[in-house]
Amino acid sequence: MPSVIAIANQKGGVGKSTTAQNLGVALAERGREVLLVDLDPQAALTTMCGVAVGNGAVTVAECLAGSAPAAEAITRPRCGTTVRARLPETVWLLPGSLALAAFEVTHAGAEDRQLRLRAALREVGGRFDYVLVDSPPNLGLLTVNALAASDGVLVPLQLEFLALRGMQALFQSISRVRDAHNPPLRVIGILPTMHRGRALHSDEVLSRVRERFGDLVFEAVVRSSVRFPEASAGGLSLLEYDARSPGAEAYRRLAEEVESRA
Ligand SMILES: Nc1ncnc2c1ncn2[C@@H]1O[C@H](COP(=O)(O)OP(=O)(O)OP(=O)(O)O)[C@@H](O)[C@H]1O
Ligand SMILES: [Mg+2]
């Protein structure tokens, strides 16, 4: 069975989708079969993978609703047109769409509403070594589905003033899901993101994060770089767009650490 990892933080714009994509490609470079799951109604990960979801296309929303099997929705991220693009053949995507937004409302009364993703992944899990689930910036039913379906949680944490605010709420949600639905769920690690160098106090925040969370914090630290949004705009991971950049190397380092902890 695969190692299922939820990428979660209810704070917006901390690098969750970027981490799902680049960690996925980094694991695939190491020879692993990887499925990226886009569980955010904004479907940023889907767009970042160069996938346009057309009318009538099957996405993870239909899988959660039980109207289509996940195998029908899984697709390959598009390599894009950049000559340097090199997408390992072992990366796959279960796309998201705005239709996910309706799930919380339409399934509010369903008894198994927290366990729909787990059920959907059960049928396809055998094909993959890792399933990385990108979650939306809130602690609602979709994030609960991500946590309930996962073996571990990876928390991207933006190195900025008030970085730690909100971590307690996230850890409480993780404990609640663990108690109610998923006893083995654990926090795999915290990934410091968007390190901006000394001038903006990133080092100070990073030491505070390490003081507070100790070994839970990965050695890999992702620096802030305009190459990330540039890569996404072209439907590429940074590992394809600028393979030797510090950002790409940070995600390769993260992949190594994740494999040693998973
Ligand atoms: N290390 C980085 N340096 C600079 N920009 C980054 C970095 N990581 C991500 N970004 C950019 O920051 C923006 C937010 O990143 P991303 O979408 O990965 O965050 P998110 O946590 O998934 O956001 P949301 O909560 O909205 O889903 C994107 O434009 C992305 O390209
Ligand atoms: Mg996102």
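This is a predicted model: local features need pLDDT of at least 70, side-chain atom pairs count only at pLDDT 80 or more; totals for chains, interfaces and linings use all residues.

Biologist: Why is E259 called buried?

Modeller: Buried means under 20% relative accessible area, exposed over 50%, and partly exposed in between (1.4 Å probe, protein chains only). E259 has a relative accessible area of 18%, so E259 is buried.

Biologist: Where is E259 placed, and which residues does E259 touch?

Modeller: E259 is in helix 12, residues 246-261; helices (H or I, at least four residues) and strands (E, at least two) are DSSP runs, numbered from the N terminus. Leaving out residues up to four places away in sequence, E259 touches L27, R30, R32 and Y130, where contact means heavy atoms within 4.5 Å.

Biologist: What makes E160 and K11 a salt bridge?

Modeller: The term requires a side-chain nitrogen of Lys or Arg within 4 Å of a carboxyl oxygen of Asp or Glu. The closest N and O atoms of E160 and K11 are 2.5 Å apart, so the pair qualifies. E160 lies in the loop between strand 5 (152-158) and helix 8 (167-180), and K11 in the loop between strand 1 (3-7) and helix 1 (16-29), so the pair ties together parts that are 149 residues apart in sequence.

Biologist: Why does E160 count as partly exposed?

Modeller: E160 has 28% relative accessibility, so E160 counts as partly exposed. K11, at 28%, also counts as partly exposed.

Biologist: How do you know that E257 and R261 meet in a salt bridge?

Modeller: Their N to O distance is 3.9 Å, so the pair falls within the limit for a salt bridge. Being four residues apart in helix 12, E257 and R261 are separated by about one helical turn. E257 counts as buried at 9% relative accessibility, whereas R261 is partly exposed at 24%.

Biologist: What makes R244 exposed?

Modeller: The relative accessible area of R244 is 63%, so R244 is exposed. The side chains of R244 and E249 meet in a salt bridge at 3.1 Å, N to O, and E249 counts as partly exposed at 32%.

Biologist: How many salt bridges does the whole structure hold?

Modeller: A search of the whole structure finds 10 salt bridges.

Definitions and conventions
Residues are numbered from 1 along each chain as its sequence is written. Chains are lettered from A and ligands numbered from 1 in the order in which they are written. Side-chain values use heavy atoms; hydrogens and water are left out.
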